[in-house]
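Dear colleague,

Please find the sequence and the structure below. My notes on what was found follow directly after them.

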Amino acid sequence: MEKIKTYIEKNRERFLDELFEMLKMPSVSADPAQKDNIRKTAEYVREKLEEAGADTAELCETEGYPVVYAEKIIDSKLPTVLVYGHYDVQPPDPLDLWETPPFEPVIKKTAEHPEGAIFARGSCDDKGQLYMHVKAFELMMNTGSLPCNIKFMIEGEEEVGSEHLESFVKANRERLSADVVLISDTAMISMEHPSIETGLRGMAYMEVEVRGPNRDLHSGVYGGAVANPVNILCRMIASLHDENNRIAIPGFYEDVAELSAAERQELNKAPFDEAAYRKDLDIKAVWGEKGYTSIERTGIRPTLDVNGIWGGYTGEGAKTVLPSRAHAKISMRLVPNQQSKKIEKLFQEHFEKIAPEGVRVTVKALHGGEAVVTPTDSLAYKAASKALEEAFGKQPIPTRGGGSIPIVALFEKELDVKTVLLGFGLDSDNLHSPNEKYGLFNFYKGIETIPLFYKHYAEMSKEA
Ligand code: BES
Ligand code: MN
Ligand code: MN
């Protein structure tokens, strides 16, 4: 522990400078204009893994953006940890809501982060978190304390649905084989309450179009006599939830894994301050499916949300028009046992069925992924728990995360390996939102905790 702290203390500034270099690269995977910057970021991660002491560190081409792969095999008889992360980031829009530019990282103090937080797109999701692993690896190499084999797989398409990852994993089963996957791309409850997410939701992401008349019309000349696609789309979307905020697509809940009363009680023991939650978001009330708490609504229940909706005139002032088309992007978060393919089909059939005769609809599935529950009785979970306890002075609480990392279910299916979600972000770090941040405390605590995980995992594996 002392060795770890000393090493971090000595290299504090450099660690941060290097992370800043990466945060300056706008690796927005959704934006084709950033193609070169995405490759530059991949190359940067590769170079840092090589400098840290990897035997091999390379860019593996896919049909999309490259996967950075690196490994250090010290003894084939020792256990192997596969570290996953992503170097791509979400688009920074809306730009005018950023207090400082998204790709010019700065440190500012906040109430939550009195020691300061790094403000930049990707600071928490996931560059800051993946870089903790690169630096923890360097630390273990330079202090002669790497106790097991380590592999890195850092991808560049996570934020757009990891489209080419499945074929990459299938083509590289041998190379990626490991005893456990370690990921820092989730959150903990707070700095006072370390926690480990033990589940992630799945996803079915749809885009819909409603078409009315063959051209935009004068809303006075035609209005009232022709179906308005924007009105219709709103009505259709509104009908997707019932008065209890349950999703009204037939069959939607059919496969949902229900938790026992005891499991639900356990889940709700996690600290959750509803007043603070409301205050942080500046909302008067929470919202959601009747009969469930906020923790349950985000952790174990499926949802349906409009992510964006457009159509008609949205410029300055008033233009009277009856638009020809309306569009929406709709995501459904899924829970264990639901299948994304089946949900996509149920959604499509239902959406087509509820469309009135005056319009035509098209429904497209953009991407999907499956939910997972990760074990809490594995050696790796116990090692992670012990590492967090040592670093934070408190035993971490298992929680269920609301976000999605589709690769976790894929690793299970294709490589038969389980994951530990050792995340150090906070839900309030503004992921996917303006002014994303990552606490300096969280960054350095992560670098401190990760080597402890390796130490305990190697020791526990030896004993087992
Ligand atoms: N790191 C997030 C997922 C996450 C965030 C999990 C917070 C738990 C807590 C990841 O980068 C992400 O944003 N995933 C997408 C998935 C998608 C694009 C398939 C998501 O959850 O929206
Ligand atoms: Mn992420
Ligand atoms: Mn993300």
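Domain arrangement

The domain assignment divides the chain into domain 1 (2-200 + 371-463) and domain 2 (202-256 + 302-369). Their centres, taken over C-alpha atoms, are 35 Å apart. To the contact, domain 1 contributes 10 residues and domain 2 contributes 8 residues. Please bear in mind that this is a predicted model.

Ligand 1

For His-432, the distance from a side-chain N or O atom to an oxygen atom of the ligand is 2.8 Å, and for Asp-125 the corresponding distance to a ligand oxygen is 3.0 Å. On its own, ligand 1 has 520 Å² of accessible area, of which the protein covers 91%.

His-164 is located in the loop between strand 6 (149-155) and helix 4 (165-171). Is this residue buried or exposed? With a relative accessible area of 17%, His-164 is buried, because the limit for that class is under 20%. Apart from residues up to four places away in sequence, His-164 touches Thr-62, Glu-63, Gly-64 and Glu-157. Two of these contacts can be described further. The side chains of His-164 and Glu-157 are joined by a polar contact of 2.9 Å, and a polar atom of the His-164 side chain lies 3.5 Å from the backbone nitrogen of Gly-64.

Thr-374

Thr-374 belongs to the loop between strand 15 (372-373) and helix 11 (379-392). Thr-374 is also buried, and its relative accessible area is 5%. Neighbours within four places in sequence aside, Thr-374 is in contact with Glu-197, Thr-198, Gly-199, Thr-419 and Leu-421.

The ends of helix 8

At the start of helix 8 (residues 274-281), a side-chain oxygen of Asp-273 comes within 3.2 Å of the backbone nitrogen of Ala-275. After helix 8 comes Asp-282, which has a positive phi, near 55°.

With kind regards

Technical notes: Residues numbered from 1 in each chain as written. Chains lettered and ligands numbered in written order. Predicted model: local features only at pLDDT ≥ 70, side-chain atom pairs only at ≥ 80, totals over all residues. Heavy atoms only, no water. Polar contact = N/O pair within 3.5 Å; in protein donor to acceptor, adjacent residues only side chain to side chain. Areas by Shrake-Rupley, 256 points an atom, 1.4 Å probe, with all protein chains shown as cover. Helix = DSSP H or I, 4+ residues; strand = E, 2+ residues; numbered from the N terminus. Buried < 20%, exposed > 50% of the residue type's maximum accessible area, 1.4 Å probe, protein only. Contact = heavy atoms within 4.5 Å. Domains from an automatic or database assignment.
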